[in-house]
Amino acid sequence: MALDSLRGDREFRKVRNHGVAVRDPLFTLRLTEYRPRYGEVWQPRAIMGIVVSKKTLKRAVDRNRVRRRVREALRTLPGGLPPCRAILLPNPGVLAVPFTELQAALARAIAKAPSQAKSQGKRGGKAGNPRQSARVSERVTAVSPTPPKDRP
């Protein structure tokens with residue numbers, strides 16, 4: 001299965017704001033459920049962004065090697081990838097760990113994530129900002145005065 005990439009700041013921001021973080025000593029994985037891009041047909045697949053910052057690894061050679069290792073580990077996972085949008089932030093340890101160990105860690109993180117993502121979604125979580133909804137109800141009750149009785 002080919003792995004699609006997140007494109008543009010907007011897609012990354014959506015995953016960062018609404019995703020569930022799964023931390024591992026080798027990486028941080030932030031996952032949300034799959035949603036098609038604007039104007040696209042519904043084709044459930046994994047859309048992943050791999051982010052390796054200069055702060056994490058100074059040399060471009062190392063950053064590129066980490067990206068290649070992680071991409072190959074995701075591509076060859078035994079169970080495949082579930083349909084999702086995700087950002088993967090690898091740590092420097094990804095370079096030193098054996099490939100099978102990296103695959104096992106990714107599989108564990110992906111298996112752990114869906115149960116957390118469902119519990120924090122719009123359907124099961126809090127409904128908006130509680131302070132804001134309280135202010136709206138106060139305004140509605142304060143704005144409805146009784147009509148004057150002198151008019152016929």
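**Close-up views of the predicted model**

**View 1. Strand 2 and strand 3 form an antiparallel pair.** In this predicted model, four bridges link strand 2, residues 20-23, to strand 3. Within the pair, Val 20 lies opposite Leu 31 of strand 3.

**View 2. Strand 3 also pairs with strand 5.** The two strands run antiparallel and are joined by seven bridges. Thr 32 has Arg 85 of strand 5 as its bridge partner. Strand 3 is mostly covered, with five of its seven residues buried.

**View 3. The largest nonpolar core comprises 27 residues.** Phe 27, Leu 29 and Leu 74 have the most contacts inside this core. At least two core residues come from each of strand 3 (27-33), strand 4 (46-50), helix 2 (60-75), strand 5 (84-90) and helix 3 (99-119). Helix 3 provides the largest share, namely six residues.

**View 4. The surroundings of Phe 27 are shown with its contacts beyond four places in sequence.** Among these contacts are Val 22, Leu 88, Leu 89, Pro 90 and Asn 91. Phe 27 also touches Ala 105, Leu 106 and Ala 109. A core of six residues lies apart from the largest one, and its members include Leu 6, Phe 12, Val 15 and Ile 87.

**View 5. Helix 1, residues 8-18, has a buried side and an exposed face.** The buried residues of helix 1 are Glu 11, Phe 12 and Val 15. These residues lie on the same side of helix 1 because they cover an arc of only 95° around the axis. Strand 3, strand 4 and strand 5 are among the elements that cover them. The face turned away from this buried side carries Arg 10, Asn 17 and His 18, which are exposed.

**View 6. The whole protein chain places the close-up views in context.** Four helices and five strands make up its secondary structure elements, arranged along the sequence as β-α-β-β-β-α-β-α-α. Of the 152 residues in the protein chain, 32% are buried. Contacts between residues at least 6 apart in sequence join residues at least 24 apart in 75% of cases. The accessible surface of the protein chain amounts to about 10,700 Å², and carbon and sulfur atoms account for 54% of this surface.

Terms used:
Residues numbered from 1 in each chain as written. Predicted model: local features only at pLDDT ≥ 70, side-chain atom pairs only at ≥ 80, totals over all residues. Heavy atoms only, no water. Buried < 20%, exposed > 50% of the residue type's maximum accessible area, 1.4 Å probe, protein only. Contact = heavy atoms within 4.5 Å. Areas by Shrake-Rupley, 256 points an atom, 1.4 Å probe, with all protein chains shown as cover. Core = buried A, V, L, I, M, F, W, Y, C linked by side-chain atoms within 4.5 Å. Arc of directions from axis to C-beta. Pairing = 2+ DSSP bridges.
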